[in-house]
There are 2 protein chains.
Amino acid sequence: MLEMNGQFDERLPLYEKVAGKISFLIEKGTLRPGDKVPSIRNLSKQMQVSINTVKEAYSLLEDRRLLEARPQSGYYVRARLPELPAEPVVDRPDINPAEVSLSKVYQEVMMDFHDQNLLQLGIAVPNIDLLPVEKLHRMLAREIRRFPTQAVSYDLPPGNLRLRKQVAQRLLLSGCTLSPDQIVITSGCVEAVVLSLRTLCKPGDAVAIETPVYFNFLQMIEDLGLKALEIPASPRGGISLEALEYALERNAGEVKACIVLSNFNNPLGSKMSDEDKQRLVQLLDGHQVPLIEDDIYGDLSYSDDRPSVAKAYDKTGNVLLCSSFSKTVAPGYRVGWIAAGRYQKQIERGKMLGSVACASPPQLAIAEFLANGGYDHHLRSIRRVYARQAAQMGDAIGRAFPEGTRVSRPQGGFVLWVEMPEGVDSILLYKKAKSHGVAIAPGSIFSVDGKYRNCIRLNAASWAPAVEVAIDTLGKLAAEQLNSSSR
Amino acid sequence: MLEMNGQFDERLPLYEKVAGKISFLIEKGTLRPGDKVPSIRNLSKQMQVSINTVKEAYSLLEDRRLLEARPQSGYYVRARLPELPAEPVVDRPDINPAEVSLSKVYQEVMMDFHDQNLLQLGIAVPNIDLLPVEKLHRMLAREIRRFPTQAVSYDLPPGNLRLRKQVAQRLLLSGCTLSPDQIVITSGCVEAVVLSLRTLCKPGDAVAIETPVYFNFLQMIEDLGLKALEIPASPRGGISLEALEYALERNAGEVKACIVLSNFNNPLGSKMSDEDKQRLVQLLDGHQVPLIEDDIYGDLSYSDDRPSVAKAYDKTGNVLLCSSFSKTVAPGYRVGWIAAGRYQKQIERGKMLGSVACASPPQLAIAEFLANGGYDHHLRSIRRVYARQAAQMGDAIGRAFPEGTRVSRPQGGFVLWVEMPEGVDSILLYKKAKSHGVAIAPGSIFSVDGKYRNCIRLNAASWAPAVEVAIDTLGKLAAEQLNSSSR
């Protein structure tokens, strides 16, 4: 029963393969909640792997909240989290392009980040303690000594060649075969998306975009004089292709681009299936609407494999794939990239005219880190932590928030989407929480017209006693609102 | 006669003051071409300064091509360069906004920069050998060790505080009293100008701009769907205020911004007088047209003083002053800034939405370099070299180019504008020069509609035997064109 088979990626470390096997048995119901799993010694014998490998595998499964250790007894399949609230049901808004109204709340949420007295759960920044700070800085110092002239000089678009080679190589894992010449280095993923919008759209055009969605994109769409066409998304599978198709037909000719966060979408944490990615590419291709694919969280999958991207199914150059190293390596290095398909030359020109080039020293450092810094090993370790912490925060929300609250169960990344009962006003909650020293992101800034008023997004990148207290506080504040409104 | 007086900046080193005094006497005609100046020993006694100070002063004046040493005889006032061609006369184009037409030549000129087999005289990059590479990199390595967390984290707009403090402090030299909160760090000067245009204009609006002008700005105006209103400029005093006033009146309401390179304009090298800067600010204020002032070459004055900026006369917050350290310290660090007056908040928002933040490590390094790197000392030494080289290249052009060629005599920066006889086609010259391994910038890309067809811009940042050969080649190619056309 427990022999290894070929379904797991051969590049994975052995303990991940062992863990994958056990996960598979739990998923299929062969091992059920409450069942005791084989002892470490037995499994080691059965699978012909070392004791340590099994220990590591079980510890990984504990992190993923699939197993629990019972003292003096062994490992058991965890009860499927009966205390965890169900997933949020996402509204299905009107399928008409809407002008984005400027949100003062957005400004305030961004300003919160400057306030060092606040516990920051509002902005989706990675946990600094999980970044490879020392190694990266050491590499930066070394690379500028190795390439002193290059480090002070312009690296004009498309940008540093070695870095582009590394990115192209890693793209194989996402299912893309691209040459370094098909990649442009950008100042983070945001610049890649903005360059795409500027290339594809002119004022008055409409952009199809998931809802709820990362608020910066909505502000950006407003600033460019574009209209947002919100397409419903589910917390599991992402954008609704049926709704998108319907919307494209109703607004034929008006929609000039579609932005999709295909993997571990912010804020829902959803992940599109390979099949849906392929359908998405075909659908947009058929309507001659370019796809701006944001894969910034793609490397932060909680499961063994790096998911594919929609770009992998792109046969016509219609997909502009954007990402960066801001969530995994160093937000402050501002190193992102875009594989812009048939828009490559226009994106290079846009980058040149907008800011000439990206800073050279960070490009040198990230290229070296990707080549020799153990990026994969780093990813494995932080993905584990983020998976555990997202589950811990989800559990804590289940305990602390009013009955009827639902929370997303992301499959990657580090943000949670929380839907509270209708009576809770998240803007009010946001203000109250700040007076208690906690910064959160209220749901309404994730839509064009103040939808998701009873939702919030929380950053689960750090789990610490202070965060647990903050979750308790948020739960109490939400409950107070409900009580006072029902009085 | 030679006692020191108060007209020179007290902060200058003594030898610069002595040199200034002699320059003054030459300028006023007290010392005339061919006159012998006092011997080193005599001047040292007269001015009560050391022998070395006088030696340094005379050597500076030699660099500036005001004095020449005659062996066994002493120093003489140089003949006022009879061989140097007069300055170019700049066309006075139509005063009507024009759509910028995309220039394929522009694309080609930018691509040349990637070609390492070409001698690069086409792009206005500083001489790498004159950048403080080692010191800067050492400081970068040290700062990321000192502030490891800050270096990997976002430094959201307005950007690094210490850097903004340093910039604000230096702005005192340009006549501006600004607080760090009135400055936003940008990815170079170009991003500062683009952010300004995006904030101030919407498609269809007109932008008043000098002609000829830095070609990237014209391409940018085209990309933003704006119209360029070209205002004649002279190689000495810069933009014609009379023409600007006339144009503003004729196009009232249509012009939404005015871009001026007030000091050592690219490509003419012109510098506006303090009086004209003040008039410019008042004129634009009166017409409620914001001024985007580009001062990127301001620190590269060939004379003793750092010139003022128009922003110094801004009483209403109508001036957006843009600059960077790309010409003086490190183009590849991409550190620029903007003091955006009453548009501060909008520029911060634009920066945030366009690329979130600038890379943190370069900001840390430039802040430290400005605080402790000897920036002023560095500037004094490179300004001398650039002054000498611009004169050397100007002389060489006078010798090598066909009769009737005129060349600019810049007062700062490191580019020369060369106007050849009407029969020379600079696009043809550009193509021919490339086949001889030399990259230049043809004049027509400095205007909207292919004016300046008989002009070229040359980068005088380096002077070496290969450059001298290149100038010879260019001269011969230009002469060939004239001969073949007169045949």
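Predicted model: local features only at pLDDT ≥ 70, side-chain atom pairs only at ≥ 80, totals over all residues.
Leaving aside its neighbours within four places in sequence, which residues is B:A257 in contact with?

**First stop: B:A257**

Select strand β9 of chain B, residues 255-260, where B:A257 is found. Next, display the residues that answer the opening question: B:S196, B:L197, B:L200, B:C201, B:V207, B:V289, B:P290 and B:I292 are in contact with B:A257, once its neighbours within four places in sequence are set aside. B:A257 counts as buried because 23 C-beta neighbours lie inside 10 Å, and the cut-off for that term is 20 or more. For a distance to check in the viewer, pick the C-alpha atoms of B:A257 and B:T199: they are 10.0 Å apart in space, while the two residues are 58 apart in sequence.

**Second stop: helices α2 and α3 of chain A**

Turn to chain A and select residues 40-47, which form helix α2, together with residues 51-63, which form helix α3. Their axes are 9 Å apart, and the helices pack at an angle of about 115°. The crossing of α2(A) with α3(A) is right-handed. To see the contact itself, show side chains for A:I40, A:R41, A:L43 and A:S44 on α2(A), and for A:I51, A:V54, A:K55 and A:Y58 on α3(A).

Display both chains. Each gives residues to the contact: 48 from chain A and 48 from chain B. On the side of chain A that touches chain B, select the elements that contribute two or more residues, namely α5 (133-146), α6 (148-152), α8 (188-200), α9 (215-223), α12 (344-355) and α13 (360-372). Colour α5(A) separately, as this helix supplies the largest share of that side, 8 residues. Colouring that side of chain A by residue type gives 30 nonpolar, 12 polar and 6 charged residues.

**Last stop: the relation of the two copies**

Chain A is superposed on chain B by a rotation of 180° with 0.1 Å of shift along its axis, at an RMSD of 0.2 Å. This is the relation of a two-fold axis. To place the axis on screen, select A:A141, whose C-alpha is the nearest to it in chain A, at 2.6 Å. The same surface serves both copies, since 100% of the contact residues of chain A recur in chain B.

How values were computed
Residues numbered from 1 in each chain as written. Chains lettered and ligands numbered in written order. Least-squares fit on C-alpha atoms with pLDDT ≥ 70 in both. Contact = placed C-beta atoms within 7 Å. Helix = DSSP H or I, 4+ residues; strand = E, 2+ residues; numbered from the N terminus. Buried ≥ 20, exposed ≤ 12 C-beta atoms within 10 Å, placed from the backbone. Axes fitted to C-alpha atoms, helices over the stretch in contact; angles between N-to-C directions. Left-handed = near helix turned anticlockwise from the far one by under 90°. Nonpolar A, V, L, I, M, F, W, Y, C, P; charged D, E, K, R; others polar.
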